[in-house]
Amino acid sequence: MKFGFDIDDTLINLREHAFHIYNQKLNLNVGLEVFRELKTVEIHEAFGLDKEAGGKMWSSLLEEIYFTDCPAYEGAIEFLNKLEKEGHEIYYITSRPKQYCSQTRQWIKEKGFPVKDDHFYCGMQDHEKTDIIKKLNLDYYFDDKPAVLETLEDVSTKVYVKDQSYNQHVRNQRVSNWTVFSIE
């Protein structure tokens, strides 16, 4: 079987990691309860930033957010390694900017995720993920972002949503915890 995975906020806890960085950089102490209630992918509103200021802050911190000690979700690395041991093909499909593709691929390898270089897709717009998923003829695909998930309604791929506060309206089957997740 062929499995496709988004990386950020599907396999790794990027937004919460960024939330802690924002608190540090802004010398604030906004609680995680605020983070857990956010209804948007973007986190800037929790810090009183408008869209423009939030976008500038995110852009200025990208490398620190992407490549420091951002944790994988508990069980994610083990789940993907189990799939690989069982002989399944694993593909990564991330919208991270092109300039970070090789560094991202190396970073997730170092985290312990099983990565084959030719199974790593990076640097596309959200809506372009659908084309890649169709081209690869994936059996399963996992993502968190409503804008991506909504483009996959007409594919034969079994689509799962990584449970987040901002994607509760998405009707796909959910992954809440990688340690207890199994394919149905």
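Reader: Which radius of gyration does the protein have, against that of a compact globule?

Author: This is a predicted model, in which local features need pLDDT of at least 70, side-chain atom pairs count only at pLDDT 80 or more, and totals for chains, interfaces and linings use all residues. Residues are numbered from 1 along each chain as its sequence is written, and side-chain values use heavy atoms, with hydrogens and water left out. The radius is taken over C-alpha atoms, and the globule rule is 2.2 Å times the number of residues to the power 0.38. For 184 residues a compact globule would have a radius near 16 Å, and the protein agrees with this, having 16 Å.

Reader: What percentage of the residues is buried?

Author: Buried means under 20% relative accessible area, with a 1.4 Å probe and protein chains only. Of the 184 residues, the share that counts as buried is 51%.

Reader: How are the rings of Y92 and F120 arranged: stacked, edge-to-face or tilted?

Author: Rings of Phe, Tyr and Trp (its six-membered ring) pair if their centres lie within 6.5 Å; planes under 30 degrees apart are stacked, over 60 edge-to-face and the rest tilted. The structure holds 19 such pairs. The centres of Y92 and F120 are 6.2 Å apart and their planes stand at 40 degrees, so the pair is tilted.

Reader: And what is the arrangement of the W178 and F181 rings?

Author: Both W178 and F181 are buried, and the two belong to one aromatic cluster that includes F3 and Y160. Their ring centres lie 5.6 Å apart with planes at 75 degrees, so the pair is edge-to-face.

Technical notes
Buried < 20%, exposed > 50% of the residue type's maximum accessible area, 1.4 Å probe, protein only.
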